[in-house]
Amino acid sequence: MALVSGESMTPTLRPGDRLWVDYHAAPAPGQVVVARLADGTVAVKRAHDRRTTATGRPAWWVLSDAPDKGVDSRHRGPVPDDDVLGVVRARLWPRPTRRLEPPA
């Protein structure tokens, strides 16, 4: 489980949303993930595409749904595969009414 604490994923997710996270799943482009950014912050972001780190390690470029809020790969760089901790499968609370797809 994960708890959303910021507004960087609005309108898809909002502060206080509780998420069911599969910590054994491999992400795919477009999925919402829980990732550890380079500064150590654990954040909920959207996996955008595959990249490599400066040292050549395989990584994900993760982005916020609300690009003017929060921090993501634009600020901290690509997230190594080992630091993508899990894939968000569903919102548990409040009752799911919004889908996890990217905003139009």
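Student: Which residues does Asp22 touch, not counting residues up to four places away in sequence?

Tutor: Asp22 touches Gly86, Val87 and Arg89, where contact means heavy atoms within 4.5 Å. The model is predicted, so local features need pLDDT of at least 70 and side-chain atom pairs count only at pLDDT 80 or more, while totals for chains, interfaces and linings use all residues. Residues are numbered from 1 along each chain as its sequence is written, and side-chain values use heavy atoms, with hydrogens and water left out.

Student: How far apart are the C-alpha atoms of Asp22 and Val88?

Tutor: They are separated by 6.3 Å, although the two residues are 66 residues apart along the chain.

Student: What makes the Arg89 and Asp22 pair a salt bridge?

Tutor: A salt bridge requires a side-chain nitrogen of Lys or Arg within 4 Å of a carboxyl oxygen of Asp or Glu. For Arg89 and Asp22 the N to O distance is 3.5 Å, so the pair qualifies. Arg89 lies in strand S7 (residues 84-93) and Asp22 in strand S2, so the bridge ties together parts that are 67 residues apart in sequence. Helices (H or I, at least four residues) and strands (E, at least two) are DSSP runs, numbered from the N terminus.

Student: Is Asp22 called buried, exposed or partly exposed, and why?

Tutor: Buried means under 20% relative accessible area, exposed over 50%, and partly exposed in between, with a 1.4 Å probe and protein chains only. Asp22 has 24%, so it is partly exposed. Arg89, at 36%, is also partly exposed.

Student: What does the side chain of Asp22 reach at 3.0 Å?

Tutor: It reaches the backbone nitrogen of His24. The backbone nitrogen of Ala25 is reached at 3.4 Å. A polar contact is a pair of N or O atoms within 3.5 Å; within protein, one must be able to donate a hydrogen and the other to accept it, and residues adjacent in sequence count only if both atoms are side-chain atoms.

Student: How many salt bridges does the structure hold?

Tutor: Eight. One of them joins Glu7 and Lys69, with the closest N and O atoms 3.3 Å apart. Glu7 lies in the loop between strand S1 (2-3) and strand S2 (18-22), and Lys69 in the loop between strand S5 (58-63) and helix H1 (73-76), so this pair ties together parts 62 residues apart in sequence. Arg76 and Asp39 form another, at 3.1 Å between the closest N and O atoms. Arg76 is in helix H1 and Asp39 in the loop between strand S3 (32-36) and strand S4 (42-52), so the parts tied together are 37 residues apart in sequence.

Student: How do you know whether Ala47 is buried or exposed?

Tutor: Its relative accessible area is 1%, so Ala47 is buried. Ala47 is in strand S4 and, leaving aside neighbours within four places in sequence, has contacts including Val33, Trp60, Trp61 and Val62.

Student: What makes S3 and S4 a pair?

Tutor: Two strands pair if DSSP finds at least two bridges between them. S3 and S4 have five, in the antiparallel sense, so they pair. In S4, Val42 is the bridge partner of Arg36.

Student: What is the strand order of the open sheet?

Tutor: The seven strands run S1-S2-S7-S3-S4-S5-S6, with antiparallel pairing. S1 and strand S6 (79-80) stand at the edges with a single partner strand each, so one side of each lacks a neighbour in the sheet.
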